[in-house]
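The following note sets out several points on the structure shown below. Please read the points alongside the model.

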Amino acid sequence: LSEQFRQGSIEKVYWAVVEGEVQKPAGTLEDWLLKNEALRRVEVAEPRDKGARQSLLHYQRLGSRGGLTWLEVRPQTGRTHQLRVQ
């Protein structure tokens with residue numbers, strides 16, 4: 001199993017309910033994430049920031065109601081707190 005994670009042959013799939021109505025039926029988010037050790041959290045950064053790492057995820061809208069959207073989320077990269085931050 002560890003070898004499959006290293007090779008990237010395992011695909012993680014999550015369902016998420018997010019606040020707001022996502023208009024696009026599907027898309028990709030690309031951000032650069034940086035661990036802020038002083039605040040003990042991960043934040044979106046600029047690509048040129050030292051230590052920032054590219055973060056990619058793909059999503060598909062499954063439904064929406066009452067100001068909430070149900071998404072299927074497939075992270076391409078496995079950054080710490082990636083789903084929460086993006």
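Two strands are said to pair if DSSP finds at least two bridges between them; helices (H or I, at least four residues) and strands (E, at least two) are DSSP runs, numbered from the N terminus. The model is predicted, with local features needing pLDDT of at least 70 and side-chain atom pairs counting only at pLDDT 80 or more, while totals for chains, interfaces and linings use all residues. Residues are numbered from 1 along each chain as its sequence is written, and side-chain values use heavy atoms, with hydrogens and water left out.

1. Sheet. An open sheet is formed by five strands in the order E1-E5-E4-E2-E3, with antiparallel pairing. E1 and strand E3 (41-45) are the edge strands, each pairing on one side only. From one strand to the next, the twist averages 45° (axes are lines fitted to C-alpha atoms, for helices over the stretch in contact, and angles run from 0 to 180 degrees between N-to-C directions).

2. Neighbours of E5. Six bridges pair E1 with E5 in the antiparallel sense, and Val17 has Trp70 in E5 as its bridge partner. Strand E4 (residues 53-65) is joined to E5 by eight bridges, again antiparallel; Leu71 in E5 stands opposite Arg61.

3. Exposure of E1. Strand E1 (residues 14-19) lies largely in the open, because the number of buried residues among its six is zero. Buried means under 20% relative accessible area, exposed over 50%, and partly exposed in between (1.4 Å probe, protein chains only).

4. Aromatic pair. The structure holds one aromatic pair. Trp15 and Trp70 form this pair, edge-to-face, at 5.1 Å centre to centre and 90° between the planes. Trp15 in strand E1 and Trp70 in strand E5 are 55 residues apart, so the pair links distant parts of the chain. Rings of Phe, Tyr and Trp (its six-membered ring) pair if their centres lie within 6.5 Å; planes under 30 degrees apart count as stacked, over 60 as edge-to-face and the rest as tilted. Trp15 counts as exposed because its relative accessibility is 61%, whereas Trp70, at 37%, is partly exposed.

5. Arg74. This residue is placed in strand E5 (residues 68-75) and counts as partly exposed at 27% relative accessibility. Not counting residues up to four places away in sequence, Arg74 touches Glu11, Lys12, Val13, Leu57 and His58 (contact means heavy atoms within 4.5 Å). The side chains of Arg74 and Glu11 are joined by a polar contact of 2.9 Å, that is, a pair of N or O atoms within 3.5 Å; within protein, one must be able to donate a hydrogen and the other to accept it, and residues adjacent in sequence count only if both atoms are side-chain atoms.
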